[in-house]
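Work through these exercises with the model open beside you. Try each task before reading its solution.

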Amino acid sequence: QVQLVESGGGSVQAGGSLRLSCAASGYTYSRKCMGWFRQAPGKAREGVAAEYTGVGSTYYADSVKGRFTISRDNAKNTLYLQMNSLKPEDTAMYYCAADDRGYGSSRCLFESAYNYWGQGTQVTVSS
C-alpha cells in the first residue's frame, strides 16, 4: 500500500522560500511519474513539478520554472519541492502524487497520470 505524507508548508512573505517534503512509503517504482500539484481556492488542481523516476527527467509548469526545484532522496524515499522567490499567486494547497501504472513521462504534469495522492500541505504567501 502506497502512502504519501507531505510536510513543510506554512506562511511566508513574498520573495521567501519553503521546502516541501513528501515521505513515500511502499513506493519504489522506476520509470513512473511522481510529482507535486497545487490547488488554490476556486481553481482546478494543476501540476507544478514532476519527475520521471529512475531516469532523472524533470518537468515544471511555466509559472514556476526557475523558482521551484523538484528532487528526490532515494535513500529516504522522499520527494522534495524547493520553492524560492515565492509569490502571492503561489498560495495553494500542495499535494504530492505518485503513479504505479506507467503512462509515460509526457503525462507527468497531468492529474490523470496519478493514482496515489497525499493529504496536502498548505502554502500561504503574503504580499
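**Exercise 1. The main core**

Which residues of the largest nonpolar core touch the most other members? Note that the model is predicted.

Solution. 
- Step 1. The largest nonpolar core has 28 residues.
- Step 2. Leu4, Met34, Trp36, Phe68, Leu81, Met83 and Tyr94 touch the most other members.
- Step 3. Now the general background. In soluble globular proteins, nonpolar side chains tend to be buried together.

**Exercise 2. The disulfides**

How many disulfides does the structure hold? Work out what each one links.

Solution. 
- Step 1. The structure holds two disulfides.
- Step 2. Cysteine 22 and cysteine 96 form one, with sulfur atoms 2.1 Å apart. The cut-off is 2.5 Å, so the pair qualifies.
- Step 3. Cysteine 22 is in strand β3 and cysteine 96 in strand β9, so this bond ties together parts 74 residues apart in sequence.
- Step 4. The angle about this S-S bond is -75°, and the link is left-handed. Both cysteine 22 and cysteine 96 are buried.
- Step 5. A disulfide also joins cysteine 33 to cysteine 108, S to S 2.0 Å. Here cysteine 33 sits in strand β4, while cysteine 108 sits in the loop between β9 and β10 (116-117), 75 residues away.
- Step 6. The torsion about the S-S bond of cysteine 33 and cysteine 108 is about -85°, so that disulfide is left-handed.
- Step 7. Number the bonded cysteines in sequence order. The pairing reads 1-3, 2-4.

**Exercise 3. Buried or exposed?**

Classify cysteine 33 and cysteine 108. Buried means under 20% relative accessible area.

Solution. 
- Step 1. Cysteine 33 has a relative accessible area of 1%, so it is buried.
- Step 2. Cysteine 108 has 0% relative accessibility, so it counts as buried.

**Exercise 4. Rings and charges**

How many aromatic pairs does a search of the whole structure find? Describe the pair of phenylalanine 37 and tryptophan 117.

Solution. 
- Step 1. The search finds four aromatic pairs.
- Step 2. Phenylalanine 37 and tryptophan 117 lie 5.0 Å centre to centre, with 65° between the planes. Planes over 60 degrees apart count as edge-to-face, so this pair is edge-to-face.
- Step 3. Phenylalanine 37 is in strand β4 and tryptophan 117 in strand β10, 80 residues apart.
- Step 4. Check burial. Phenylalanine 37 is buried at 1%, whereas tryptophan 117 is partly exposed at 26%.
- Step 5. Ring pairs link Phe37, Tyr114 and Trp117 into a cluster.
- Step 6. Look for charges over rings. The charged end of arginine 45 sits over the ring of tyrosine 95, 4.9 Å from its centre. The charged end of arginine 107 sits over the ring of tyrosine 103, 5.2 Å from its centre.

**Exercise 5. The whole chain**

How many helices and strands are there in the protein?

Solution. 
- Step 1. There are zero helices and eleven strands.
- Step 2. A compact globule of 127 residues would have a radius of gyration near 14 Å; the protein has 13 Å, which agrees.

Technical notes. Residues are numbered from 1 along each chain as its sequence is written. This is a predicted model: local features need pLDDT of at least 70, side-chain atom pairs count only at pLDDT 80 or more; totals for chains, interfaces and linings use all residues. Side-chain values use heavy atoms; hydrogens and water are left out. A nonpolar core is a set of buried Ala, Val, Leu, Ile, Met, Phe, Trp, Tyr and Cys residues joined through side-chain atoms within 4.5 Å. Buried means under 20% relative accessible area, exposed over 50%, partly exposed in between (1.4 Å probe, protein chains only). Helices (H or I, at least four residues) and strands (E, at least two) are DSSP runs, numbered from the N terminus. Rings of Phe, Tyr and Trp (its six-membered ring) pair if their centres lie within 6.5 Å; planes under 30 degrees apart count as stacked, over 60 as edge-to-face and the rest as tilted. A charge sits over a ring if NZ of Lys or CZ of Arg is within 6 Å of the ring centre and within 35 degrees of the ring normal. The radius of gyration is taken over C-alpha atoms; the globule rule is 2.2 Å times the number of residues to the power 0.38.
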